[in-house]
Amino acid sequence: PPEEFEDASEPTKRDRSHLENTLKLNEEKPADDFSGVLQRLRKIYHSSIKPLEQSYRYNELRQHEITDGEITSKPMVLFLGPWSVGKSSMINYLLGLDDTPYQLYTGAEPTTSEFTVIMHGPKLKTIEGIVMAADSARSFSPLEKFGQNFLEKLIGIEVPHKLLERVTFVDTPGIIENRKQQERGYPFNDVCQWFIDRADLIFVVFDPTKLDVGLELEMLFRQLKGRESQIRIILNKADSLATQELMRVYGALFWSLAPLINVTEPPRVYVSSFWPHEYHPDTHKELFLKEEISLLEDLNQVIENRMENKIAFIRQHAIRVRIHALLVDRYLQTYKDKMTFFSDGELVFRDIVEDPDKFFIFKSILAKTNVSKFDLPNREAYKDFFGINPITSFKLLSQQCSYMGGCFLEKIEKAITRELPDLLGSIGLGKKPNVLSCDITGCGETPKNRYRKP
């Protein structure tokens, strides 16, 4: 009968109801209104954190300024991985963009050469990177610093989809092994780092049929250091292998990633095929579907904890700014102590910058504060930092106080220990009274490992 032939040419599509149920796309509930909390968060940031950040030029050390657009932005999900592993297909699938004019290009050869930001908008439209970076209300204005070549490789797509009201997706160019950064014409690793620093969830996607962990991937995992709790590893296209082979690949993947990820618990790995076509017959459909649902639940969790994550992110930033201020203050104090009427300022300071340990600069910060030694910036970074910003252009912390405004250091410490945790407490009250603890949000100095399933 002719129907069979039609069937053979057009692969059947999978049922999407689990997507809609898990991500609660059909619920007509009003989104939580966090505008009051966001206002308070902005106020704490501008009054207690930013003054110290500007006074000690923290942005030149970490290249990390926080704009208002970033404080109010939606959670961001970043897709990373080698080319042609199905990153764009996965986004098309999650948003149901297949066979629409706005589906992301997919194919066997490297197709995505841009950083594509998929966000919510009233109607389908494309936005040039130059326009996105110029709009300060969006959280992408800091990307301007990567230059014109990069902005031409940045593109935004607005899609009227319920999921995008609560989250933004970013698709990245595949990591192509043996490809020089220079060939791309912009600092690819720095751009990746910018997105990694801001992502709430990072999907690192692999294709089990072409498992090759090479140098660029090693570079990538070096950049993901400290973000382990946001990483999820996806073994995509899992139905293209027989079960036994899939198990071998799963083992091989862990074997090659183990040296790159050093955390006590392995990251969560999802094994499934994220695209709209039916699974291949004779493969573990039930397993793949369950894995897909757990991944969607993971995504939902990030959406629901977005405010907690945002406050924790600003608090983490404040902790880093405070450490930086304490260090610069200590360098300056040491410099003032060593200077005599006859000494040559530059030589004295070069001595300090070359060997800060001789003057116990880093040790004294550890001794006096509750800073962990893993949070201390690297001393080489300070050589560069003071190369651009002469030590004499800074003031001591003890001099950064005013009669009305109080002291910069006290204000940031109050924000870290009291104001931000209180703000965190205030949003938990409406939700579940018993999860106010820092276990959930990792609001302590040492964030909890969030891989472990509760």
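## Sheet, cores and a disulfide

Modeller: To begin with the sheet, strand 3 and strand 4 (residues 154-159) run antiparallel and are joined by 4 bridges, where strands are DSSP runs of E of at least two residues and helices are runs of H or I of at least four, numbered from the N terminus, and two strands pair if DSSP finds at least two bridges between them. This is a predicted model, in which local features need pLDDT of at least 70 and side-chain atom pairs count only at pLDDT 80 or more, while totals for chains, interfaces and linings use all residues. Residues are numbered from 1 along each chain as its sequence is written, and side-chain values use heavy atoms, with hydrogens and water left out.

Colleague: Which residue is the bridge partner of Ile127 in strand 4?

Modeller: The partner of Ile127 there is Gly156.

Colleague: And what is the strand order in the open sheet?

Modeller: The open sheet has 8 strands in the order 3-4-2-5-1-6-7-8, and its pairing is mixed. Strand 3 (125-128) and strand 8 (268-271) stand at the edges with a single partner strand each, so one side of each is left without a neighbour in the sheet.

Colleague: Which strands does helix 12 lie across?

Modeller: Helix 12 (residues 243-257) lies across strand 6, strand 7 (231-235) and strand 8, and runs at about 145° to strand 7; contact here means heavy atoms within 4.5 Å, and axes are lines fitted to C-alpha atoms, for helices over the stretch in contact, with angles from 0 to 180 degrees between N-to-C directions.

Colleague: Changing topic, which residues touch the most other members in the largest nonpolar core?

Modeller: Those are Tyr331, Tyr382 and Phe386, in a core of 51 residues, where a nonpolar core is a set of buried Ala, Val, Leu, Ile, Met, Phe, Trp, Tyr and Cys residues joined through side-chain atoms within 4.5 Å. The largest share of this core, 14 residues, comes from helix 14. Apart from it lies another core, of 46 residues, with Val170 and Cys192 among them.

Colleague: Is Cys192 buried or exposed?

Modeller: Cys192 counts as buried, at 3% relative accessibility, since buried means under 20% relative accessible area, exposed over 50% and partly exposed in between (1.4 Å probe, protein chains only).

Colleague: How many disulfides does a search of the whole structure find?

Modeller: The search finds 1 disulfide, a term for a pair of cysteine sulfur atoms within 2.5 Å, and this disulfide joins Cys401 to Cys407 with an S to S distance of 2.0 Å. Cys401 is partly exposed at 35% relative accessible area, whereas Cys407 is buried at 19%.
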